[in-house]
Amino acid sequence: MELICGLASLLLRREGRDEITVAKEGNMSRENLTDTLIKLSGVLGFFTALVSFVLQISGWLHDPETLHMVSGVAFAVYFGCTLWFAFKAQHVSLRWRWISLAVLYAATIFYFTWVGTWLVAPAAKPIVVDDMTGISVWSIAKHTGALLTIHRVTDPENETHAIQLDYTLAKGSWVAMYREISSAALAGTRAVGFSFKGSGAPNTLEFKLFRKPDQHGKSAIFGVLWNSVTNTDDWRYVEVPYSLFVCWLGTGCKPGEVIRPEDVWKIDIAISNRDHDTPGQGTLLVGPIVGIP
């Protein structure tokens, strides 16, 4: 009997030790997994911030606000993960902990120096393409049965110079005004902006950019439109990156092609009656057109 009790006690102690060993191995496995995930997140954050920096200084992407936001989030992830690695990670030598802190120190100085350039650099001013103080450079076009007259006005609310378009549209018709610009007018810009205000029948507003004619005299058209927006209560400002101007098929460009600002030869503002629009009379005021650096 004593022998049996001794064996049972020995088995229980062994099972207890096995359970403790399994628990420790499970904890170590979870800790190792956590360390690995945090290390990978830190590396990803570091390289994301670095790529954002390279993209901005190289001018490959013309969206600095997005790059600033992405780099800020990425650097915050890198900063937090590095502190974890230096003070809480398992199985890391003291040498590597100090190296990680030294790299973090240098990266932090570099990053906030870069951030400082955003804050102290003067904001680039829009480039005025047309201040809308005259109509002599503008021509008009209209669909059969549509009517259009244009004249210069000054809006008393905000003292904005504008060209006023008074139009009458039938179902499916359109009117437009257009002008040529120099090849340097939009060079170095990333978007085009303008303000508008309207009343009367709500119809579609179109803004188009024409590329320089090719050797056959054909000019590709890139456009953007806003449905049923010509009836507004106040001024609206729109800013359109060149990537949002869509190729008009059959005009000499390819689907997905993006027009280069230095290739813009003509700008065109049109009002058209499309599905869900309302035929009839209306007035549209268009403010100065600017290029956004």
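How many aromatic pairs does the count come to? The count comes to 12 aromatic pairs, and this tour of a predicted model starts with one of them.

**Stop one: an edge-to-face pair.** Select Phe75 and Phe112 and look at their rings. The ring centres are 6.1 Å apart and the planes stand at 90 degrees, so this pair is edge-to-face; the cut-off for that label is over 60 degrees. Now colour by helix: Phe75 belongs to helix H2 and Phe112 to helix H3, so the pair links distant parts of the chain, 37 residues apart. Is Phe75 buried or exposed? Phe75 counts as buried because its relative accessibility is 8%, and buried means under 20%.

Of its 14 lining residues, Val43, Tyr78, Thr82, Phe85 and Ser100 are the closest to the centre. Helix H1 (2-58), helix H2 (64-87) and helix H3 (94-120) each give two or more residues to this lining. H1 supplies the largest share, six residues. Colour the lining by class and you will find 10 nonpolar, three polar and one charged residues.

**Stop four: charges over rings.** Select Arg95 and Trp96: Arg95 lies over the face of Trp96, 5.7 Å from the ring centre. Then go to Lys266, which lies over the face of Phe210 at 5.2 Å from the ring centre.

Notes: Residues are numbered from 1 along each chain as its sequence is written. This is a predicted model: local features need pLDDT of at least 70, side-chain atom pairs count only at pLDDT 80 or more; totals for chains, interfaces and linings use all residues. Side-chain values use heavy atoms; hydrogens and water are left out. On a 1 Å grid over the protein atoms alone, a cavity is a set of points where a 1.4 Å probe fits but cannot get out, and a pocket is an open set with protein on both sides within 12 Å along at least five of seven lines; lining residues have an atom within 4 Å of a point. Helices (H or I, at least four residues) and strands (E, at least two) are DSSP runs, numbered from the N terminus. Ala, Val, Leu, Ile, Met, Phe, Trp, Tyr, Cys and Pro count as nonpolar, Asp, Glu, Lys and Arg as charged, and the others, Gly among them, as polar. Rings of Phe, Tyr and Trp (its six-membered ring) pair if their centres lie within 6.5 Å; planes under 30 degrees apart count as stacked, over 60 as edge-to-face and the rest as tilted. Buried means under 20% relative accessible area, exposed over 50%, partly exposed in between (1.4 Å probe, protein chains only). A charge sits over a ring if NZ of Lys or CZ of Arg is within 6 Å of the ring centre and within 35 degrees of the ring normal.
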